[in-house]
Amino acid sequence: MAIKVHGIPLSTATMRVVSCLIEKDLDFEFVFVDMANEEHKKHPFLSLNPFAQVPAFEDGDLELFESRAITQYIAHTYASNGIQLILQDPKKMAIMSIWMEVEGQKFEPLASKLTWELVIKPMIGMGSTDDAIVKEKEEQLSKVLDIYETQLTKSKYLGGDSFTLVDLHHIPNIYHLMNTKAKALFDSRPRVSAWCADILARPAWVKGLEKLQK
């Protein structure tokens, strides 16, 4: 049975799952969720994600939600497909797991708020950017990126010497912020800047953007 991703192109969480599937060379069907008409708040979508958020994911009779849980399922279940996105060595996997937690708990809350204020809110006509919130979140994100700059002196990628789910999880928010004034936060840190350029240039990410924009 075909893999299905239910979501919208603008959603960073949806983009995260699509990118993972393409990195793993997996075929899938993208099912657009009409959030403007609140399709995500109605059945049958609520049977896939009772929290009324995208994405939702189907692989045969398996139904999942929460993008990072989905990408981990894909990386483990289809380990022999495409590139390896997890590490087999237990110690290296433990370090990778730390940085996956950092992305979800330290980076995402700040970067997603900036993405909302600087990109999505103006795009969908939800009002003007709140400059006070942007200033606050930029200051907080700067401290996180200082730590990233130090970590990237130890390895090429954030979770180790190879591209993994750690890096993949960061891409959607970084992609959006690179088209805003927040880009300066990344550009001012040489190792962070080089890391961003590397992960944003991945063929799977580029292909995912093209697929979602069709």
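Trainee: Is α6 mostly covered or mostly open, and how many of its residues are buried?
Mentor: Buried means under 20% relative accessible area, with exposed over 50% and partly exposed in between, using a 1.4 Å probe and protein chains only; by that reading α6 is mostly covered, with 12 of its 13 residues buried, among them L165, H169 and I174. This is a predicted model, in which local features need pLDDT of at least 70 and side-chain atom pairs count only at pLDDT 80 or more, while totals for chains, interfaces and linings use all residues. Residues are numbered from 1 along each chain as its sequence is written, and side-chain values use heavy atoms, leaving out hydrogens and water.

Trainee: At what angle do α4 and α6 pack?
Mentor: Helices here are DSSP runs of H or I with at least four residues, strands are E runs of at least two, and both are numbered from the N terminus. Axes are lines fitted to C-alpha atoms, for helices over the stretch in contact, and angles run from 0 to 180 degrees between N-to-C directions. Helix α4 (residues 90-123) and helix α6 (residues 165-177) pack at about 10 degrees, their axes 9 Å apart, which makes α4 roughly parallel to α6, a term for angles under 35 degrees.

Trainee: Which residues of α4 meet α6?
Mentor: Contact means heavy atoms within 4.5 Å, and those in α4 include W99, F107 and L118, which belong to the set meeting α6 residues such as V166 and H170.

Trainee: In which sense do β3 and β4 pair?
Mentor: Two strands pair if DSSP finds at least two bridges between them; β3 (residues 56-59) and β4 (residues 62-65) pair in the antiparallel sense over 4 bridges, and A56 stands opposite F65 in β4. The two strands form a hairpin with 2 residues between them, where G60 in the turn has a positive phi of about 65 degrees.

Definitions and conventions:
Angles under 35 degrees count as roughly parallel, over 145 as roughly antiparallel, 65 to 115 as roughly perpendicular and the rest as oblique.
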